[in-house]
Amino acid sequence: MFGARCLLLALRRCSSAPCPKHAQAAKLRVREALEAQEVNRDIKVQGWVRSVRSQKEVLFLHINDGSSLESLQVVADPTLEHRDLTFGSAVEVQGKLVKSLHRMQNVELKAENIRVVGPCDTLMFPFKPRERQPLEYSRQFPHLRCRTNTLSSLLRDNGYVHVHTPIITSNDCEGAGELFHVRTSNKVQEPGENSHFFNVPAFLTVSGQLHLEVMAGAFTQVFTFGPTFRAENSQSRRHLAEFYMVEAELSFTESLQDIIQVMEDLFKTATSIVLSKCPQDVELFHKYVSPAQKGRLEQMLKNKFIIISYTEAVEILKRAPQMFTFQPKWGSDLQTEHEKYLVKHCGEVPVFIVNYPYDLKPFYMRDNEDGPQHTVAAVDLLVPGIGELCGGSLREERPHFLQSRLARLGLADAYQWYLDLRQFGSAPHGGFGMGFERYLQCILGVDNIKDVIPFPRFPHSCLL
């Protein structure tokens with residue numbers, strides 16, 4: 001009854017991270033600018049440069065953010081040209097949208113300011129302007145080919161682009177080693193033969209994030225909704241070995257607050273849609289399974305979610321009048337008992353915990369460069385009765401920071417393709433993931449997560 005459709009519809013309604021309150025120019029996607037009926041207004045467009053043509057008295061750019069096959073022409077004064085303003089670079093252009101004098105286009109952007117947010121090494125970048133490469137060539141660069149017109153035309157949609165990320169992968173996105181290893185079962189291995197079907201170890205995916213980051217480098221806003229697997233040896237009321245997760249990545253996102261706002265909007269919008277489309281089904285749970293949940297849910301939808309730092313959270317836990325099984329201390333993970341207490345402390349309103357210790361989080365999270373307690377720009381959303389529901393972060397877009405951390409972890413070779421993304425028009429970006437079954441557990445008030453799935457996947461489902 002609570003299918004993916006409601007959740008995906010809600011995400012599309014949250015398709016734009018909010019603009020800073022001080023910004024006067026309207027932030028538009030390229031497609032929106034090209035279709036605009038109202039001209040002579042100030043706008044801001046973010047995307048990647050498809051072409052640069054500099055003349056004595058005018059500078060021409062074509063900008064694309066993946067929302068349209070057609071690019072937006074930008075006309076600028078030559079003084080706005082920058083040495084990093086090249087094919088493939090990620091830019092933010094602010095100016096006035098005006099009628100175009102060219103018969104092949106309706107509008108163009110008269111630039112007042114051009115900011116290069118991510119340069120592109122055009123010598124190393126495998127694709128060149130005005131060159132149509134054969135598919136065999138593009139296939140050699142799976143992490144970059146989504147920036148070509150051919151592949152992008154297959155995937156384009158309204159708002160976010162829905163990407164079906166691989167279920168079998170060689171990536172361990174979370175870095176915790178809690179993976180299901182995939183092997184063939186019916187082949188006898190010959191002496192000296194490679195034991196791996198794909199020539200490298202393969203696993204069931206724990207997250208589609210890294211693949212989404214590839215696509216966000218071409219389409220700006222992307223999401224996936226599919227099965228994920230965690231080999232955690234846990235039979236708790238909130239863990240599953242197999243579950244569905246909605247994940248999103250947003251390019252040109254420089255503030256953790258923007259990610260937080262999309263997470264809150266997604267929760268509230270999705271829940272409002274479920275309540276309006278499935279009122280009798282929800283009422284059954286609220287009447288017979290969890291009578292107090294209706295009031296709690298109304299409180300969650302009515303109130304603004306609270307934001308506190310990890311450091312503040314630890315101090316609150318240390319002052320708590322109750323005893324915890326796991327004593328809270330800075331640098332340690334928050335346990336479920338801690339998460340539930342923090343939500344209760346904040347009045348049973350969902351709470352965002354931000355800026356976690358650097359050493360607790362995976363390599364891709366953005367370094368806050370703070371001290372003496374070193375943190376990253378990470379966020380978890382805690383909700384009443386459950387604890388953690390969503391997790392996200394800003395991603396580390398600065399090549400030297402990422403290179404240094406991967407080298408320390410001994411992962412530089414394995415993630416060279418990931419480093420490549422930072423060399424060719426890298427834009428500040430971030431994203432998050434939310435477990436679907438845990439979301440249902442939250443809004444319905446179900447105590448055990450295994451009661452919101454058709455089959456208890458372990459151990460009995462293996463006998464079906």
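Predicted model: local features only at pLDDT ≥ 70, side-chain atom pairs only at ≥ 80, totals over all residues.

Trainee: Let's start with the rings, then. How many aromatic pairs does the structure hold?
Mentor: There are 21 aromatic pairs in the structure.

Trainee: Which residues make up an aromatic cluster?
Mentor: One cluster is formed by Phe87, Phe125, Phe127, Tyr137, Phe141 and Phe424.

Trainee: What about charges over rings, say at Phe401?
Mentor: Arg398 lies over the face of Phe401, at 3.8 Å from the ring centre. In another case, the charged end of Arg422 sits over the ring of Tyr418, 4.2 Å from the centre of that ring.

Trainee: Switching to helices, how many residues of H13 are buried?
Mentor: Helix H13, residues 436-444, is mostly covered, with 9 of its 9 residues buried. Among them are Phe436, Glu437, Arg438 and Tyr439, and the residue that follows H13 is Gly445, which has a positive phi near 80 degrees.

Trainee: Now the holes. How many cavities of 30 Å³ or more are there?
Mentor: The count comes to 4 cavities of 30 Å³ or more, and the largest cavity has a volume of about 100 Å³. It is lined by 13 residues, of which Glu213, Gly217, Leu421, Ala427 and His429 are the closest to its centre.

Trainee: Which helix gives the most to the lining of the largest cavity?
Mentor: That is H5, with 4 residues. Helix H5 (209-219) and helix H12 (416-423) each supply at least two residues of that lining, and by class the lining of the largest cavity has 5 nonpolar, 5 polar and 3 charged residues.

Trainee: What is the volume of the second largest cavity, and what lines it?
Mentor: The second largest cavity has a volume of about 60 Å³, and its lining includes His181, Arg183, His196 and Phe197. By class, the lining of the second largest cavity has 5 nonpolar, 4 polar and 1 charged residues.

Trainee: And the second largest pocket, how much space lies in it?
Mentor: About 750 Å³ of space lies in the second largest pocket. Of the 31 residues that line it, Arg50, Glu131, Arg147, Thr148 and Asn149 are the closest to its centre. The elements that give two or more residues to the lining of this pocket are strand S2 (41-54), strand S3 (59-64), helix H3 (135-138), helix H4 (149-155) and H5.

Trainee: How does the lining of the second largest pocket divide by class?
Mentor: The lining of the second largest pocket divides into 11 nonpolar, 14 polar and 6 charged residues.

Note on methods. Residues numbered from 1 in each chain as written. Heavy atoms only, no water. Phe/Tyr/Trp six-rings, centres within 6.5 Å; stacked < 30°, edge-to-face > 60°. Lys NZ or Arg CZ within 6 Å of the ring centre and 35° of its normal. 1 Å grid on protein atoms, 1.4 Å probe; cavity = no way out; pocket = protein on both sides within 12 Å on 5 of 7 lines; lining within 4 Å. Points joined across faces, edges and corners; volume = space filled by probe spheres on them. Nonpolar A, V, L, I, M, F, W, Y, C, P; charged D, E, K, R; others polar. Buried < 20%, exposed > 50% of the residue type's maximum accessible area, 1.4 Å probe, protein only.
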